[in-house]
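These notebook entries record what I looked up in one structure. I took the topics one at a time.

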Amino acid sequence: MSAQLSALRQSAAGYVPPPIVGEGFALSDLQRELLATAAKLGREKFAPRAAQYDRDATFPFENYDDLRAAGLLKICVPKQHGGLGADFPTYAMVAAEIGRYCGATALTWNMHVCTTLWSGILADELDMTSEQREEHERHRAIHFGRIARDGKVYAQPFSEGSAAAAGKAPFGTLATKVDGGWVLNGKKIFASLSGAADYYGVLCTEDRPDRSMRDTLYMAVPADAPGFTITGEWDPLGMRGTVSRTLLLKDVFVSDDAQLMPRGVYYQAASRWPHMFSTLSPTYMGLAQAAYDFTIQYLRGEIPGMPPVKRRMYPTKQIAVAEMRIKLEQTRALFLRATGEAKVDPSKDERLRCYAAHYTIMESANDIARLAIRTCGGQSMLKSLPLERIYRDSRCGSLMLPWTAELCLDRIGREALYETGEVDD
């Protein structure tokens with residue numbers, strides 16, 4: 001009992017939000033340093049600007065200036081190419097920490113970092129011929145150099161409004177081989193960082209008569225390429241600062257070195273490295289933590305700029321907080337374990353856990369935000385406070401391809417009941 005009283009006395013000065021990974025989680029020196037950097041940027045820079053980006057549906061350019069200055073644009077660029085050399089779990093932790101303060105910044109940063117993850121440590125674990133490996137090293141040195149040396153931003157347009165983004169059909173955007181490069185034609189919707197990126201990592205299909213998903217190409221299209229245009233309005237429910245407008249490609253030429261992966265390698269990656277599609281979920285882990293943090297501070301009367309009115313003495317509030325904490329801990333446990341298992345050719349159990357973690361994070365983030373609004377009451381719905389934005393942003397997670405909530409359930413159920421190649425008569 002004395003230990004409990006001591007802890008209560010120590011916390012009397014105010015609630016101190018815990019690390020995104022929880023207290024006592026083993027971290028490397030690099031992870032500790034990067035998480036501290038992300039938390040400082042989040043508290044001092046990202047959180048104060050988040051409401052403006054959300055209200056105006058404008059891209060967080062200032063936040064990207066800060067990410068660039070802190071070296072976080074090159075977090076997963078290998079050290080030999082001038083980057084920080086962070087691995088998959090490190091990226092996930094830092095993305096979650098950023099998500100606590102601005103969901104749109106964390107989510108768009110994910111699109112940028114994925115370019116370096118996929119063509120970096122992920123590609124290193126895939127099978128390539130010596131010719132492919134040599135080509136890949138040559139090409140990625142160009143892309144990594146742009147990021148590490150010049151601070152360029154890469155986007156990752158994925159969706160097309162078809163089954164392609166869910167991995168059910170070839171991408172409709174087509175690439176035709178020509179002398180010295182490729183000509184691209186097609187459309188991408190919900191393209192985050194539209195108008196903000198310097199290069200767009202477009203997933204497309206090599207144009208051939210018998211084309212299939214095996215013919216997927218991954219191309220970096222310069223923002224100023226002739227024939228590349230951005231169109232449409234952007235006025236969504238949440239994640240408004242992602243500015244995910246529509247990209248049109250009409251006879252866009254890119255050189256051979258635009259390839260972010262050699263021909264045929266993306267399909268191998270999608271088949272053998274499933275965690276590559278779970279990089280969206282850390283943002284929502286951060287939003288779940290943010291909703292919980294706000295609730296604790298609100299009920300303790302510790303929200304800056306608001307009267308110090310305490311509401312924590314009511315049993316109904318305490319029970320609701322307990323429910324939120326349980327959901328948060330369950331979600332965090334799956335998040336940390338699944339991200340730590342990311343690798344080529346995971347076991348069936350690890351693959352299923354990856355799907356389960358992604359589903360749980362996306363659903364729990366919004367559920368925790370829902371509980372937070374119900375628990376904090378009417379004032380929490382005001383746009384002068386961050387909770388209603390957290391609620392709207394968190395609602396978007398389970399809708400995002402390639403793994404929506406429904407697709408995760410489909411994969412878990414099917415893959416649990418069948419082995420690879422097994423079918424019913």
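**Entry 1: Helix 11**

I began with helix 11 (residues 387–395), where seven of the nine residues are buried, so the rest of the structure largely encloses this helix. I note that the model is a predicted one. I listed the buried residues of helix 11 as Leu387, Glu388, Arg389, Ile390, Arg392, Asp393 and Ser394. I then looked up what covers them and found, among other parts, helix 2 (29–56), helix 5 (103–124), helix 8 (281–299) and helix 10 (348–376).

**Entry 2: Nonpolar core**

Which residues touch the most other members of the largest nonpolar core? I found Trp109, Trp118, Leu184 and Tyr284, in a core of 125 residues. Helix 10 supplies the largest share of this core, with twelve residues.

Setting aside neighbours within four places in sequence, I recorded its contacts as Leu174, Ala175, Cys204, Met219, Val221, Leu249, Lys250, Asp251, Val252 and Val254.

**Entry 3: Lys250**

I located Lys250 in strand 7. With neighbours within four places in sequence left aside, Lys250 is in contact with Leu184, Asn185 and Gly227. I also checked a pair 127 residues apart along the chain: the C-alpha atoms of Lys250 and Ala123 are separated by 29 Å.

**Entry 4: Salt bridges**

How many salt bridges does the structure hold? I recorded 34.

I examined the one between the side chains of Glu206 and Arg263, at 2.5 Å from N to O. Glu206 belongs to strand 4 (residues 199–206) and Arg263 to the loop between strand 7 (245–255) and helix 7 (265–272), so this pair ties together parts 57 residues apart in sequence. Glu206 is buried, at 12% relative accessibility, whereas Arg263 is partly exposed, at 41%.

I next looked at Asp207 and Arg211, whose side chains meet in a salt bridge of 2.7 Å, N to O. Asp207 is partly exposed at 36% relative accessibility, and Arg211 is partly exposed at 37%.

A further salt bridge joins the side chains of Asp210 and Arg208, at 3.4 Å from N to O. Here I found Asp210 exposed, at 54% relative accessibility, and Arg208 partly exposed, with a relative accessible area of 35%.

**Entry 5: Aromatic rings**

My search of the whole structure gave 16 aromatic pairs. For Phe158 and Phe171, the ring centres are 5.7 Å apart and the planes stand at 85°, so I classed the pair as edge-to-face. Both residues lie in the loop between strand 1 (154–155) and strand 2 (174–178), 13 residues apart in sequence. I noted Phe158 and Phe171 as buried.

Phe190 and Trp234 form another edge-to-face pair, with 6.3 Å between centres and 80° between planes. This pair links distant parts of the chain, 44 residues apart: Phe190 is in strand 3 (residues 181–191) and Trp234 in the loop between strand 6 (228–231) and strand 7. Is Phe190 buried or exposed? I found Phe190 exposed, with a relative accessible area of 56%, whereas Trp234 is buried at 17%.

I also recorded a cluster linked by ring pairs, made up of Trp118, Phe158, Phe171, Tyr218, Tyr266, Phe277, Tyr355 and Trp403. Lastly, I noted that Lys177 lies over the face of Trp182, 5.3 Å from the ring centre.

Technical notes:
Residues numbered from 1 in each chain as written. Predicted model: local features only at pLDDT ≥ 70, side-chain atom pairs only at ≥ 80, totals over all residues. Heavy atoms only, no water. Salt bridge = Lys/Arg side-chain N within 4 Å of Asp/Glu carboxyl O. Helix = DSSP H or I, 4+ residues; strand = E, 2+ residues; numbered from the N terminus. Buried < 20%, exposed > 50% of the residue type's maximum accessible area, 1.4 Å probe, protein only. Contact = heavy atoms within 4.5 Å. Core = buried A, V, L, I, M, F, W, Y, C linked by side-chain atoms within 4.5 Å. Phe/Tyr/Trp six-rings, centres within 6.5 Å; stacked < 30°, edge-to-face > 60°. Lys NZ or Arg CZ within 6 Å of the ring centre and 35° of its normal.
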